[in-house]
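Here is a briefing for a reader new to this structure. Look over the sequence and the model first, then read on by topic.

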Amino acid sequence: MTSPTATPAKPRLLTGDTPTGKLHLGHYVGSVENRLALQDQYDCFFLIANKHAFTTRADRPDDIRQSVLDIATDWLAVGIDPNKSAMFIQSEVPAIDELTFFFAMLIPFNRVMRNPTLAQEIKDKDLGDKYPFGFPMYAVGQCADILAFRPAIVPVGEDQIPHLELTREVARKFNQTYCGVNSQTPDKENVAAGGLFPVIEPKLGRVKRLVGTGAPNADGTLTKMSKSLNNAIFLADDADVVQKKVMAMYTDPKRLKATDPGETDPAKNPLWAFHETFNTDAAWVAEHRDMYQNGKVGDVAVKRKLVEVLNALIDPIREKRKHFEQRPDDVMDALKIGTRKANAVAEETLALAKQKMKQDFFVRTLQVE
C-alpha cells in the first residue's frame with residue numbers, strides 16, 4: 001500500500017483537548033504554545049476529543065457540542081492556522097474507535113486502572129465508584145487517538161504523561177505481536193525494525209503544571225488550573241473578568257512571618273507562579289518578589305501588575321476570537337477540512353494495522369461531506 005500520507009514531507013505531530021469548556025491559561029502554557037511554535041516544522045493534527053467528554057458528561061450533549069465549537073474558536077484565536085494544521089473532531093474519525101477496540105485487547109484492565117491520571121480524575125471529580133465503564137476505556141481511546149496518526153511527537157501537559165506511557169506500551173506490544181519486532185529493540189528503532197507504530201515521544205510545555213487561582217488543599221498543595229475547580233482564567237475572559245479573578249487570587253497570608261524565602265515559592269503562592277510564567281520582565285519579578293517577601297510591597301500592587309501582564313497577553317486573542325465568533329461558518333469549515341485530512345491518515349493507519357493482524361478482508365473509502 002502506498003499513499004502520500006504514508007511518507008509525509010514533515011514528521012507528524014498529534015495533540016488535542018477534551019471539550020470541557022473554553023481553553024484557559026494552563027492549556028496555553030502546557031501545550032498551546034508548543035503547537036504554535038511547531039506548526040511550521042511538523043505536519044500537525046489537533047484533535048477535539050468530544051467522545052472522551054462523554055465519560056463524565058454523557059447527560060449534557062448540548063454542552064459538549066458547544067465546547068467543541070468553543071475550543072475550535074479558541075484554537076483559531078490563538079493562531080492555529082487551518083492551512084498548516086488539521087483541526088478535527090474525534091467522533092468524525094471512525095478509525096479511532098476501531099483501533100481502540102483492537103488496542104484494548106493488548107492491555108490488561110488492571111494496567112489501565114493503575115494509570116495515576118485516572119485515579120486523580122476520579123478524586124477531583126468525586127466520581128467514587130459510580131463512573132461508567134467508558135471512563136477507564138477512554139485511557140485506551142487516547143492511545144488510539146495518538147497512534148492513528150503515527151506521530152513523531154505529542155505536545156502535552158505533565159498530567160498527560162501517564163496516558164502517553166500507556167500509548168508507548170501499546171505501540172511496543174502491537175509491534176511485537178503483529179509486526180515481529182523483537183522485545184529488546186530500542187524504542188527509537190521500532191519502526192525501522194518493521195513495526196507499524198512509533199514509540200512516541202512527549203514534549204512538555206515550558207510550565208509543566210500551572211496552578212489555579214484558588215486556595216490550597218488541606219495538605220497545603222495547590223491544585224492545577226481547571227474549569228471544574230473554578231480556579232481558571234480563560235483565554236476568552238474579558239479584561240474586567242481577568243481583573244476580578246486576579247484581584248481575588250489566593251496569596252499566602254503567613255508569608256511575612258516566615259524566615260524561609262521558600263514562603264513565596266510559586267508552588268505555594270499562585271501570584272508568583274503567574275508572574276514567573278507570564279511576566280517577561282524578569283528584573284521586575286526578582287525585585288518585587290524580594291520586596292514582597294520583606295513586606296515592602298503588598299498583594300494589591302503585585303496583582304495589579306499581573307492584571308496588566310495577563311491582559312496584554314490575552315487582548316489580541318480576545319480580538320481574534322470575536323472575529324471568529326462572528327464567523328461560525330469559518331470555524332466549521334476549518335474543522336471540516338481538518339477532519340477530511342485526519343480521516344485520510346487514520347484510515348490508512350487502520351488499513352495497515354488490519355494487514356498486520358490478518359484482518360484486511362476488503363478495501364473501504366470514507367468521505368466527510
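Which residues in helix 6 meet which residues in helix 7? Leu 118, Glu 121 and Ile 122 of helix 6 meet Phe 135, Pro 136, Tyr 138 and Ala 139 of helix 7. Keep in mind that this is a predicted model.

**Helix 6 with helix 7**

- Helix 6 spans residues 116–124, and its axis lies 11 Å from that of helix 7.
- The two helices pack at an angle of about 145 degrees.
- Helix 6 passes helix 7 in a right-handed crossing.
- Their contact holds 6 nonpolar residues and 1 charged residue, with no polar ones.

**Helix 7 with helix 8**

- Helix 7 covers residues 134–147, and helix 8 covers residues 161–178.
- Their axes are 9 Å apart, at an angle of about 70 degrees.
- Angles of 65 to 115 degrees count as roughly perpendicular, so helix 7 and helix 8 are roughly perpendicular to each other.
- The crossing of helix 7 past helix 8 is right-handed.
- On the helix 7 side, the contact is made by Tyr 138, Ala 139, Gln 142, Cys 143, Ile 146 and Leu 147.
- On the helix 8 side, it is made by His 163, Leu 164, Leu 166, Thr 167, Val 170 and Ala 171.
- By class, the contact of helix 7 with helix 8 has 9 nonpolar residues, 3 polar ones and no charged ones.
- Tyr 138 and Ala 139 of helix 7 are among the residues that meet helix 6, and both also take part in the contact with helix 8.

**Helix 3 with helix 13**

- Helix 3 (residues 61–78) and helix 13 (residues 328–356) cross at roughly 90 degrees.
- Their axes come within 10 Å.
- Helix 3 is therefore roughly perpendicular to helix 13.
- Leu 69, Ala 72, Thr 73 and Leu 76 of helix 3 make the contact with Val 331, Met 332, Ala 334 and Leu 335 of helix 13.
- This contact of helix 3 with helix 13 has 7 nonpolar residues, 1 polar residue and no charged ones.

**Nonpolar cores**

- The largest nonpolar core has 54 residues.
- Leu 25, Phe 274 and Leu 310 touch the most other members of this core.
- Helix 12 (residues 299–325) gives the most to the core, with 8 residues.
- Leu 310 touches Leu 25, Ile 233, Val 242, Val 246, Phe 274 and Phe 278, leaving out residues up to four places away in sequence.
- Another core, of 47 residues, lies apart from the largest one.
- Members of that other core include Leu 99, Val 140, Ala 171 and Phe 197.

**Buried residues**

- Cys 44 lies in strand 2 (residues 43–48).
- Cys 44 has 0% relative accessibility and counts as buried.
- Not counting residues up to four places away in sequence, Cys 44 touches Leu 13, Leu 38, Gln 39, Lys 84, Ser 85 and Ala 86.
- Cys 44 and Gly 16 are 28 residues apart in sequence, and their C-alpha atoms are 10 Å apart in space.
- Asn 190 sits in the loop between helix 8 and strand 5 (201–204).
- Asn 190 is buried, at 3% relative accessibility.
- Contacts of Asn 190 are Arg 172, Asn 175, Val 181, Thr 185, Gly 195, Phe 197 and Val 199, leaving aside neighbours within four places in sequence.
- Arg 318 is in helix 12.
- Arg 318 is buried, with a relative accessible area of 8%.
- Among the residues that Arg 318 touches are Asp 237, Asp 238 and Val 242.
- Gln 293 is in helix 11 (residues 282–293).
- A relative accessible area of 14% makes Gln 293 buried.
- Gln 293 and Gly 26 are 267 residues apart along the chain, with 26 Å between their C-alpha atoms.

**Positive phi**

- Asn 230 is not a glycine, yet has a positive phi of about 55 degrees.
- Asn 230 lies in the loop between strand 5 and helix 9 (239–247).
- Asn 230 is exposed, with a relative accessible area of 71%.
- Lys 358 is not a glycine either, and has a positive phi of about 65 degrees.
- Lys 358 lies in the segment after helix 13.
- Lys 358 is exposed, at 64% relative accessible area.

Key
Residues are numbered from 1 along each chain as its sequence is written. This is a predicted model: local features need pLDDT of at least 70, side-chain atom pairs count only at pLDDT 80 or more; totals for chains, interfaces and linings use all residues. Side-chain values use heavy atoms; hydrogens and water are left out. Axes are lines fitted to C-alpha atoms, for helices over the stretch in contact, and angles run from 0 to 180 degrees between N-to-C directions. Helices (H or I, at least four residues) and strands (E, at least two) are DSSP runs, numbered from the N terminus. Angles under 35 degrees count as roughly parallel, over 145 as roughly antiparallel, 65 to 115 as roughly perpendicular and the rest as oblique. A crossing is left-handed if the near helix is turned anticlockwise from the far one by less than a right angle, and right-handed if clockwise. Contact means heavy atoms within 4.5 Å. Ala, Val, Leu, Ile, Met, Phe, Trp, Tyr, Cys and Pro count as nonpolar, Asp, Glu, Lys and Arg as charged, and the others, Gly among them, as polar. Buried means under 20% relative accessible area, exposed over 50%, partly exposed in between (1.4 Å probe, protein chains only). A nonpolar core is a set of buried Ala, Val, Leu, Ile, Met, Phe, Trp, Tyr and Cys residues joined through side-chain atoms within 4.5 Å.
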